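The entries follow in the order of looking.

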Amino acid sequence: MSVSLSERAANEVKRMMVEQQLPEQTVLRVSVAGGGCSGFEYRLGFEQEVLADDVVTEAHGVQVAVDGKSAGYLKGTEIDIHEGLDKRGFVFNNPLAVRTCGCGSSFQV
């Protein structure tokens with residue numbers, strides 16, 4: 001298993017896809033890039049193309065694509081939604097992260 005979405009996160013992704021009028025074959029691209037205050041940062045985006053080395057899963061009606069390199073850093077990660085007075089957005093519950101930054105968008109393995 002690579003990356004999963006909570007039901008709330010999947011509903012938010014579907015809402016955004018409708019709002020942006022994206023085609024049905026759109027996938028949620030989840031990846032990791034060097035940077036951030038802890039070494040790596042999470043990236044989310046929409047794409048219409050699945051690549052040959054992608055790990056593709058389905059979560060509550062959303063297709064999630066993770067490139068082969070990022071999959072190793074994201075194994076077992078669940079993406080959820082945080083809704084509070086202080087912030088609102090996606091949060092990453094990554095069991096491989098040994099350290100995360102205060103904003104929750106970067107991590108270290």
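I took a polar contact to be a pair of N or O atoms within 3.5 Å, where within protein one must be able to donate a hydrogen and the other to accept it, and where residues adjacent in sequence count only if both atoms are side-chain atoms. The model is predicted, so local features need pLDDT of at least 70 and side-chain atom pairs count only at pLDDT 80 or more, while totals for chains, interfaces and linings use all residues. Residues are numbered from 1 along each chain as its sequence is written, and side-chain values use heavy atoms, with hydrogens and water left out.

**Entry on Q48.** I found that the side chain of Q48 makes a polar contact with the side chain of T26, at 2.9 Å. Q48 sits in the loop between β3 and β4 (55-59), strands being DSSP runs of E of at least two residues and helices runs of H or I of at least four, numbered from the N terminus. Leaving aside neighbours within four places in sequence, Q48 is in contact with L22, P23, Q25 and T26 (heavy atoms within 4.5 Å).

**Entry on aromatic rings.** I counted two aromatic pairs, for which ring centres of Phe, Tyr or Trp (its six-membered ring) lie within 6.5 Å, with planes under 30 degrees apart called stacked, over 60 edge-to-face and the rest tilted. F40 and Y73 form a tilted pair, 4.7 Å centre to centre with 40 degrees between the planes. Y42 and F92 form a stacked pair, 4.0 Å centre to centre with 5 degrees between the planes.
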